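Colleague: I have the sequence and the fold open. Can you walk me through the sheet and the charged side chains?

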Amino acid sequence: MPDAPPTNSSTSNASAEKERWEEQTLNPALKKASERPIGAATGGNLDEKGRARFTTISGVPIKRLYTEADLSNGWESNLNLPGEPPYTRGIHPNGYRGKLWTMRQFSGFASPEETNERYKYLLANGGSGLSVAFDLPTLMGCDSDDPRSEGEVGKCGVAIDSLEDMETLFSGINLEQTTVSMTINSPASVIWAMYLAVAERQGADWKKISGTLQNDILKEYIAQKEYIYPPVPSMRLVIDTFEFGSRYTPRFNPISISGYHIREAGSTAQQELAFTLYDGIEYLEWALRRGLSVDDFASRLSFFFNSHNDFFEEIAKFRAARKIWYRVMTERFGAKNPRSTWMRFHTQTAGVSLTAQQPKNNIARVAIQALAAVLGGTQSLHTDAYDEALALPTEDAARIALRTQQILAYESGVADVVDPLGGSYFVERLTLDMEKAAFDYFDKLDAMGGMVRAIEHGFPQKEIAQASYDYQRAVEAREKIIVGVNEYAVDEPPPEILYIDESVREAQTAKLKKLRRERSNDAVARALLDLCRAAEKEPAAVTDGISSANTMPFLLDCVKAHATIGEICNALKKVMGTYEEAGIA
């Protein structure tokens, strides 16, 4: 954890110089014109003496000036250089000079056919990776013709019911040459089985395909609430993918441990950082109990963060994440492979910050958030489209979002220098404070017995709910200003938006009827039965290959037999049960 401020001669000189500046320069200026908070002079914008109080978007007080006196003893040596532990300044010594971040636009809507066209459009316009958004029925493990799917098919992402849909989604896209991220969690292993089967049919080598499966069930219980099974069996499915991936898909990340949705639910930056990294600790603990060696799979763990509006706070969060993860992997888990200690992460700009009012203001917000992610050293980036507070993005809005990244990469010069804000007194102090806040939360979670136990007690849910309430209260009191919403509001006509009608559900339903009529339903029944039998067993640790109870091979058999996502998830419910969240009041 960060040390106390140093007392060496350099710091003493800095403190003395700051005191001189305050007395001779600052105080006379304040007598002429006092400082005013940004926003209403009430609540959190005033200190105990009624003076202006300045805070980050997370409510952390910030000083007007930072000097060397604000940093801990030996901070420069602790910081180190890029590409060297503890990686605060980046995991690659040359930053983006050798390779730019992956410009991975999150996209998916309506049918697999329509989304396939959008993917080809994005790749043709300079996108360097794909990120699949699935609709709500798919995320919840329901087929498009399920009564619970009515009104939601294709609305917030693409509808995927079967292997046939997955083949259509990636038709004409070489999976051995295109990195693909898939944002799905409770049915993640089912979707991954479909993806691997499509790659196999394309003739792709599983050892060469690359991408990321989100597969982060813990944050579903904490924030997004798209869960199916209880935590313990859900964790078993996640560890099955770890074990399978470590043996057969060495370049594919079996999980993207996601703080993004924690932040979207209203957390502070500090909570996003702490809960996300502790989720990573929980997954590691479960994998080690399965018998996996930390260096066999840890190098394929990846993370996913939100980049919000507070520019410096976000940069500090990303820098602290790398340092904390290095400490966790070396001190807590004893990782020997340097790659196991690298914090590799994707970033998405903050969807929750987008406004339906004056939506073109969102272009500026997204640009600032994207710049923070790049200065923080992200490995890949998605920039939100300006119209996403209203609907799924139009083609024009998606192109502007991509062009925002390209302008940063090719025109701004920010990719030319590694960690250009390293050494900034303000940024380094924020980074140290982020680190301390995360370890404080780690201590509390350790005392509870880990994240699964903490979730069962509602701890992270309560913390996020309180933070969300505090921020919303500040906005409604105009202590936090949102341009175009609670300040500088105007009336303007809404922009054209992308509208998805019920024809998508009708088309998907017709495809499902045809599929069930033409496939071997006996083969489907046998495959589902074999899957359930495997799921009933406790996976045993093995030194070579994978456990005989690992569900991934059985899921591959199911999808190849053309079992649908709904049929597979319903079969697993019979073994694993379903989850309902207890009240957290």
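Modeller: Gladly. Keep in mind that this is a predicted model. Let's start inside. Gly129, Ser131 and Ala133 are buried on one side of S2, and Leu130 and Val132 are buried on the other.

Colleague: How many of the residues of strand S2 are buried?

Modeller: S2 covers residues 129-133. Both of its faces are covered. The strand is largely enclosed by the rest of the structure, because the buried residues number 5 of the 5.

Colleague: Which residue stands opposite Ser131?

Modeller: Look at strand S1, residues 102-107. S1 and S2 pair in the parallel sense over 4 bridges. Opposite Ser131 in S2 stands Phe106.

Colleague: Which strands stand at the edges of the sheet?

Modeller: The open sheet has 9 strands, with parallel pairing, in the order S5-S4-S3-S2-S1-S9-S8-S7-S6. An edge strand here has a single partner strand, so one side is left without a neighbour in the sheet. That describes S5 (252-253) and S6 (255-258).

Colleague: What is the bridge partner of Ile257 in S7?

Modeller: S6 and S7 pair in the parallel sense over 4 bridges. S7 spans residues 301-307. Within S7, Ile257 has as its bridge partner Phe303.

Colleague: Which helices does the salt bridge of Arg332 and Asp446 link?

Modeller: The N to O distance in this salt bridge is 2.8 Å. Arg332 is partly exposed, at 35% relative accessible area. Asp446 is partly exposed too, at 33%. The pair lies 114 residues apart, in H12 (residues 311-332) and H15 (residues 425-448).

Colleague: Which helix holds both Lys436 and Asp440?

Modeller: Lys436 and Asp440 form a salt bridge at 3.0 Å between the closest N and O atoms. They sit 4 residues apart, about one turn of the helix. That helix is H15.

Definitions and conventions: Residues numbered from 1 in each chain as written. Predicted model: local features only at pLDDT ≥ 70, side-chain atom pairs only at ≥ 80, totals over all residues. Heavy atoms only, no water. Buried < 20%, exposed > 50% of the residue type's maximum accessible area, 1.4 Å probe, protein only. Helix = DSSP H or I, 4+ residues; strand = E, 2+ residues; numbered from the N terminus. Pairing = 2+ DSSP bridges. Salt bridge = Lys/Arg side-chain N within 4 Å of Asp/Glu carboxyl O.
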